[in-house]
Amino acid sequence: MSPGPSSKGDDPIKALAAGVASPDDVLAHAHAMESEAADRYHELADQMEIHNNPQTAEVFDKMARIEQIHADKLAAMCAERGVTRRPPWEYRWLDPEAPEVTPVEEAHYLMTAPQALKLALHNEKRALAFYETLLAGSPPDDVRALAEEFAAEEREHVSLVEKWMADYPDIDPHIPEDPDDAVAH
Amino acid sequence: MTAESAPAFAAKDFKSDIKPVWCPGCGDYSVLSSVTKALAELQTPPEDVAVVSGIGCSSRIPAYTNCYGFHGVHGRALPLAIGLKVSRPDLTVIVTGGDGDGYSIGGNHFLHACRRNVDMTYIVMDNQVYGMTKGQPSPTTEPDWESGLVPGGTRIRPFMPLVVALASGANFIARGFSGDPNGTAQLIAEAIRHPGFSFVEVLSPCVTFRPEQRNWKHETHPAPVEATNDRGRAARRLATDDGFNTGVLFYDNRAPYMPPVDANLTDVQQFDREFAV
Ligand SMILES: Cc1ncc(C[n+]2csc(CCOP(=O)(O)OP(=O)(O)O)c2C)c(N)n1
Ligand code: SF4
């Protein structure tokens with residue numbers, strides 16, 4: 001299985017220091033993280049559209065576009081340096097999936113747009129934590145420089161999503177009730 | 001592989017333009033992603049792959065891939081796929097479906113597909129319920145699982161798909177979890193590469209009828225031991241495992257079954273005439 005779950009219980013700082021040890025590793029991980037996040041947001045936007053939830057679809061769509069811009073920039077950096085592409089299971093994440101990727105099971109067809117924003121904020125914070133964990137492992141200077149650059153970008157994303165969320169000071173954590181629930185009681 | 005020699009196919013190239021209608025949160029979204037990631041790693045052109053299924057939410061996968069697809073009859077995906085593979089051995093054949101489709105109405109075909117050992121990969125998205133028909137218990141449902149449809153639970157011992165696959169002769173047995181789509185992609189890629197009948201059971205939560213399965217992410221764990229090719233040892237392990245061990249659990253090297261091809265039977269119309277009444 002992918003290194004993520006098998007590293008359950010490992011010291012995260014040591015695990016990342018071992019798996020993301022060179023500038024090429026940082027770039028490869030950064031690119032995979034952003035492109036997988038963009039793909040998942042696209043999928044979530046499609047899911048919400050299919051389930052007639054256009055406001056939430058719009059949030060996911062906006063996030064997908066932001067992540068895609070980031071992913072394209074990183075793809076160009078990878079191409080310039082000839083960074084090796086690797087199978088998806090060879091990335092060294094701390095969870096089964098990359099930190100910016102919304103876990104599939106977090107979605108609900110009735111989730112609200114503010115709830116989607118809250119998820120997005122959580123994802124951005126996890127991405128930031130990934131680089132901070134990497135930096136906490138005293139990496140070599142060239143790794144540090146890239147990790148600091150990417151951490152700064154994630155900090156910007158965190159503030160951007162927080163700014164959008166300012167319009168919703170009290171986000172109800174409950175999923176609205178479905179008057180025509182599928183489950184037989 | 002460097003960015004300059006970019007691979008011909010990315011995971012996206014194996015997805016169709018049809019947007020899935022699964023409930024948001026359903027594990028099957030991740031399994032679709034694992035299948036496309038595995039195919040991208042194998043760099044098998046989409047036109048060389050056929051995805052065959054039965055009926056159920058999970059069986060909708062062929063429509064969401066860009067490969068050849070056959071959304072067949074409930075429980076009959078395996079015989080369809082066997083027919084396809086023996087007549088077109090050049091194709092990579094993947095069969096997808098649910099626990100209801102594969103272990104209940106299709107249970108008989110499951111036994112004989114394992115036994116026959118035609119070269120293909122069978123992926124079962126096990127959510128221990130009939131999702132598509134609104135939450136009836138399936139062969140893998142726990143005996144004490146209660147719902148409005150099964151007051152008091154079924155009180156029937158659950159089917160053990162991996163044990164049955166082993167006893168029936170499957171050549172490769174693995175268990176994945178949809179919450180680890182990258183790990184599951186790796187299992188699927190290995191299953192496709194492995195000759196003969198490869199069986200990959202993927203725990204894939206039905207968040208609508210079994211919302212408690214969201215907890216599977218805390219229960220699944222990599223198998224603590226390496227895969228074995230010893231059927232006796234595998235039998236002991238699979239019979240006693242907790243149902244949440246993931247990874248490749250067994251592999252064998254039985255030669256895949258291929259019926260002898262009748263060199264004279266090149267003309268399909270001639271074949272048709274032989275069956276004329
Ligand atoms: C011959 C036949 N019998 C019954 C059905 C009704 N039916 C459709 S899907 C299904 C079960 C689906 O359960 P499963 O295979 O576990 O897939 P899931 O929907 O959970 O993914 C049943 C009984 C049918 N379509 N055809
Ligand atoms: S009913 Fe269950 S199995 Fe079917 S799409 Fe919904 S969550 Fe998935």
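Modeller: A:Asp10 counts as partly exposed, because its relative accessibility is 38% and the class covers what lies between buried (under 20% relative accessible area) and exposed (over 50%), with a 1.4 Å probe and protein chains only. A:Asp10 sits in the loop between α1 (3-6) and α2 (12-19) of chain A; helices here are DSSP runs of H or I with at least four residues, strands are runs of E with at least two, and both are numbered from the N terminus. From A:Asp10 to A:Ser159 the sequence distance is 149 residues and the C-alpha distance 30 Å.

Colleague: What kind of model is this, and how are residues, chains and ligands labelled?

Modeller: This is a predicted model, in which local features need pLDDT of at least 70, side-chain atom pairs count only at pLDDT 80 or more, and totals for chains, interfaces and linings use all residues. Residues are numbered from 1 along each chain as its sequence is written, chains are lettered from A and ligands numbered from 1 in the order in which they are written, and side-chain values use heavy atoms, with hydrogens and water left out.

Colleague: How do you know what confidence the predictor has in chain A and chain B?

Modeller: From pLDDT, the predictor's confidence in each residue on a scale from 0 to 100. Chain A has a mean of 92, with 95% of its residues at 70 or more; chain B has a mean of 95, with 96% at 70 or more. Within chain B, confidence is lowest in helix α10 (residues 268-274), at a mean of 78, and highest in β4(B), at 99. The model's ipTM is 0.93 and its pTM 0.95.

Colleague: Where in chain A does pLDDT stay under 50?

Modeller: Over residues 3-7. Where pLDDT is low, the predicted coordinates should not be read in detail.

Colleague: Why is B:Ser178 called buried?

Modeller: Its relative accessible area is 4%, which is under the 20% limit, so B:Ser178 is buried. B:Ser178 lies in the loop between β5 (172-177) and α7 (181-193) of chain B. Beyond four places in sequence, its contacts (heavy atoms within 4.5 Å) include B:Gly27, B:Val31 and B:Pro205.

Colleague: Is B:Gly27 buried or exposed?

Modeller: B:Gly27 is buried, because its relative accessibility is 3%.

Colleague: What makes B:Lys134 and B:Arg155 worth a remark?

Modeller: Neither is a glycine, yet B:Lys134 has a positive phi of about 80° and B:Arg155 has one near 60°. Most residues other than glycine have a negative phi. B:Lys134 is in the loop between β4 (120-126) and α6 (161-168) of chain B, and B:Arg155 is also in the loop between β4 and α6. At 45% relative accessibility B:Lys134 is partly exposed, whereas B:Arg155, at 65%, is exposed.

Colleague: Which residues come nearest to ligand 1?

Modeller: Of the 16 residues around it, B:Cys57, B:Ser58, B:Gly100, B:Asp101 and B:Gly131 come nearest; a residue is near if one of its heavy atoms lies within 4 Å. Helix α4 (residues 99-105) of chain B gives the largest share of this shell, four residues.

Colleague: How do you know that the backbone of B:Asp101 makes a polar contact with ligand 1?

Modeller: A polar contact is a pair of N or O atoms within 3.5 Å; within protein, one must be able to donate a hydrogen and the other to accept it, and residues adjacent in sequence count only if both atoms are side-chain atoms. A polar backbone atom of B:Asp101 is 2.7 Å from an oxygen atom of ligand 1, so the pair qualifies. A backbone N or O atom of B:Cys57, at 2.8 Å from a ligand oxygen, also qualifies.

Colleague: Which residues surround ligand 2?

Modeller: Among them are B:Trp22, B:Cys57, B:Asn127 and B:Phe209.
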